[in-house]
Amino acid sequence: MQIGYYPGCSLESSAKEFDLSIQAIFKELEISLKEIPDWSCCGASAAHYLNEELAMALPYRNLLKAEESGLDQILSPCPACYSHLKHVHEEVVKDSHLLERLQNLVGGEYQKKVTSKHLLDFLKKDVGFERLKSSMKISLKGLRIASYYGCLTRLPGVDIDDIENPVLMDEILEAFEGETIPWSHKTECCGASLSLTRTEIALRLTRSILESALDKGADCIVVVCPLCQSNLDTRQRDINKKYGTSYEIPILYLSQLIGLAQGLDFKKIGLDRLIISPKKLLTQKGVTLSPSP
């Protein structure tokens, strides 16, 4: 199986561990990822604040590049990238004037043949739970996981799960025998977009999420968004200093936990790149690290 791949800016830089772990688990699943040739930034998350045409033209260009290279499906792990690509595709399908406008701006005619996929719906619908289970070498049994979706289900164009109570991540983790917990903050905003401009708000929101997860006995929080991961992972020390708390809860990408279940190398899936190391937790929970870091 082959699918087009749009890593986006984050997975090429600050969220490199997301890219590493996705590449690794897909290799185990015998799925080939073909990167869109000459892809560019999709405009997330600032372009729509500055220029409507630019916010549309950037995703349009990537859709056009994918189509020109013969890709009919593309996987976009970052929720913002996925939302932008899918939203623009849907808009040009129903608005011929917008399509013409973008064609003139970008200089290419998009035939509207590309389907955008997010990691969650691709794993469930295209890969399937049985195939995921068959790749498992190490059980995640005993690991209590808080699946954190953040704003994913509320983004424009996103319709992969229930808006208020999404379950796709939970179902995928349970295929690897992980114990997902019911909790109140799975779709609460972490304030990542305010992380630099209104840091105090981001700290307050992030603290609330961490507290809710720990209150339900979570060992770790699992995410599929680079902004959420960065905010929840890097802000814990600032929160501890400001509020006198002692949070030290690992924030893992879903693909990293899948990689662990597949018995993949600790560094190969980027677990050594996290601020809050999961090494101690995983050892305590009996999740084998291969090889020992």
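Q: Do helices H2 and H7 lie roughly parallel or roughly antiparallel to each other?
A: In this predicted model, numbered from 1 along each chain as its sequence is written, local features need pLDDT of at least 70, side-chain atom pairs count only at pLDDT 80 or more, and totals for chains, interfaces and linings use all residues. Side-chain values use heavy atoms, without hydrogens or water. The axes (lines fitted to C-alpha atoms, for helices over the stretch in contact, with angles from 0 to 180 degrees between N-to-C directions) of H2 (residues 16-28) and H7 (residues 119-127), both DSSP runs of H or I with at least four residues, cross at roughly 10 degrees. Angles under 35 degrees count as roughly parallel, over 145 as roughly antiparallel, 65 to 115 as roughly perpendicular and the rest as oblique, so H2 and H7 are roughly parallel.

Q: Which residues of H7 make the contact with H2?
A: Contact means heavy atoms within 4.5 Å. H2 brings Phe18, Ile22 and Phe26. Their partners in H7 are Leu119, Phe122 and Leu123.

Q: How is H10 oriented relative to H12?
A: The axes of H10 (residues 199-215) and H12 (residues 236-243) come within 10 Å. They cross at roughly 95 degrees, which makes H10, relative to H12, roughly perpendicular.

Q: Which residues of H12 meet H10?
A: From H10 come Leu203, Arg204, Thr206, Arg207 and Leu210. Facing them in H12 are Gln236, Asp238, Ile239, Lys242 and Tyr243.

How values were computed: Helices (H or I, at least four residues) and strands (E, at least two) are DSSP runs, numbered from the N terminus.
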